Amino acid sequence: MRRLKHGLIVLAVSSLVLAGRTNAETYPSNKITLIVAFAAGGVADTLARMVGQGLGERLHQPVVVENRGGAGGNIAAGVVAHAAPDGYTLLVTTTALAINETLREAKQFSANDFKTIAIVASSPEALVTSPSNPANNLADFVKAAKGKTINFGSAGVGSGSHIEAEYFFKKIAGIEATHVPFQGGAPAINATLGNQIDLLATTLGGGAAAQVAAGKLKGLGIAADKRAAVTPNVPTYAESGFPGFFAASWVGFFAPAKTDPQIINTLNAAINETIKNPEVQKKLDTIGFDPIEGSPAQAEAMFSAEVTKWGDMVKALNLTIK
């Protein structure tokens, strides 16, 4: 009897393994749903639809985009973390996933509940101001702000722009800065255009690049190792005397942690092919994003490093959202 039970268990396990292999080998055979962690019209949504179209063409299955905004990206992340690991429900999110690992206490998942499929593009964090501001670069602005209390806006509490700017001002530049959060990037940009705040912390690709290029906003610096092609006149932080500090917002694709590696590889290959498309690269360049290609292992390593980097900044600032 024991031998019979043992044999049945072995048979059941073997059947599950075989079924998993078969599913991976025939993947995809159904529609793929991209759960976007932010509202329609934003950067994550734009890239999800851009890459989703390429996925559909290459994998010969419909790709549906579903926006599940809220809780700084945590609602969508929670949905995908607990979805079936079959490759048909994927998360499209931003740096928020790395930040929230340390910043937000009330979440029903962790970074370990995901496999990184690909991080497709990134855009440097930037500090911009009104053209009427006399400062022409970050060094000028910091010098003028010494001994004063300035304010800066961002797209919201806990955003990468908020954390990057607050860390820069308090831990690197050594000046007092009060954060003024807005409900999204558009109202934050409008407040800067209207001289309602001293400075705006934003992702260059979050709409600021076009305003800077048009002369409606003045770029003081970007937290990158080189100037951005879309705003060639905006210096890096290093050029203003603050070397070694880099921060960027990225958009990535993630699957539930137990997804078969073969499925991850299939998705990664299709995404990379899409990103290599000259038209896609041109669109990314236009909005201030740099395309990124790489293997799942490279994407996973980048995500892990981002969790650590942003976590260190959050801890240094003693920030928590419950």
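E239 is partly exposed, with a relative accessible area of 46%; here buried means under 20% relative accessible area, exposed over 50%, and partly exposed in between (1.4 Å probe, protein chains only). Its side chain meets that of R227 in a salt bridge, 3.0 Å from N to O, a term for a side-chain nitrogen of Lys or Arg within 4 Å of a carboxyl oxygen of Asp or Glu. This is a predicted model, in which local features need pLDDT of at least 70 and side-chain atom pairs count only at pLDDT 80 or more, whereas totals for chains, interfaces and linings use all residues. Residues are numbered from 1 along each chain as its sequence is written, and side-chain values use heavy atoms, with hydrogens and water left out.

**Salt bridges**

- The structure holds seven salt bridges.
- Side chains of opposite charge can pair when their charged atoms come close.
- R227, the partner of E239, is partly exposed at a relative accessible area of 36%.
- Both R227 and E239 lie in the loop between β8 (218-222) and β9, so their pairing ties together parts that are twelve residues apart in sequence; helices (H or I, at least four residues) and strands (E, at least two) are DSSP runs, numbered from the N terminus.
- D45 forms a salt bridge with R49, whose closest N and O atoms are 2.9 Å apart.
- D45 and R49 are separated by about one helical turn, because they stand four residues apart in helix α2 (residues 43-59).
- D45 counts as buried at 5% relative accessibility, while R49 is partly exposed, with a relative accessible area of 39%.

**Aromatic pairs**

- A search of the whole structure finds 13 aromatic pairs; rings of Phe, Tyr and Trp (its six-membered ring) pair if their centres lie within 6.5 Å, and planes under 30 degrees apart count as stacked, over 60 as edge-to-face and the rest as tilted.
- Y167 and F245 form a stacked pair, with 5.8 Å from centre to centre and 25° between the planes.
- Y167 lies in helix α6 (residues 160-173) and F245 in the loop between β8 and β9, so this pair ties together parts that are 78 residues apart in sequence.
- Y167 counts as partly exposed at 21% relative accessibility, and F245 counts as buried at 10%.
- The rings of W250 and F303 have their centres 6.1 Å apart and their planes at 85°, so this pair is edge-to-face.
- W250 in strand β9 and F303 in helix α11 are 53 residues apart, and their pair links distant parts of the chain.
- Both W250 and F303 are buried.
- One aromatic cluster is formed by F152, Y167, F168, F169, Y237, F242 and F245.

**Nonpolar cores**

- A nonpolar core is a set of buried Ala, Val, Leu, Ile, Met, Phe, Trp, Tyr and Cys residues joined through side-chain atoms within 4.5 Å.
- The largest nonpolar core has 48 residues, of which L91, F114, L127, I163, F168, F169 and F303 touch the most other members.
- Helix α11 (residues 296-317) gives the most to this core, with six residues.
- Apart from this core lies another, of 32 residues, among them I32, L47, V51 and V92.
- Not counting residues up to four places away in sequence, F303 touches L97, A98, A111, T116, I119, W250 and F254, where contact means heavy atoms within 4.5 Å.

- Helix α3 (residues 74-81) is largely enclosed by the rest of the structure, because six of its eight residues are buried.
- These buried residues are N74, A76, A77, G78, V80 and A81.
- Their cover includes β1 (32-36), β3 (89-94), α4 (96-103), β4 (114-129) and β9 (248-256).

**Overall form**

- The protein chain contains eleven helices and ten strands.
- Buried residues make up 49% of its 322 residues.
- Of the contacts in the protein chain with a separation of 6 or more, 79% are between residues 24 or more positions apart.
- Taken along the principal axes, the C-alpha atoms fill a box of roughly 85 × 40 × 30 Å.
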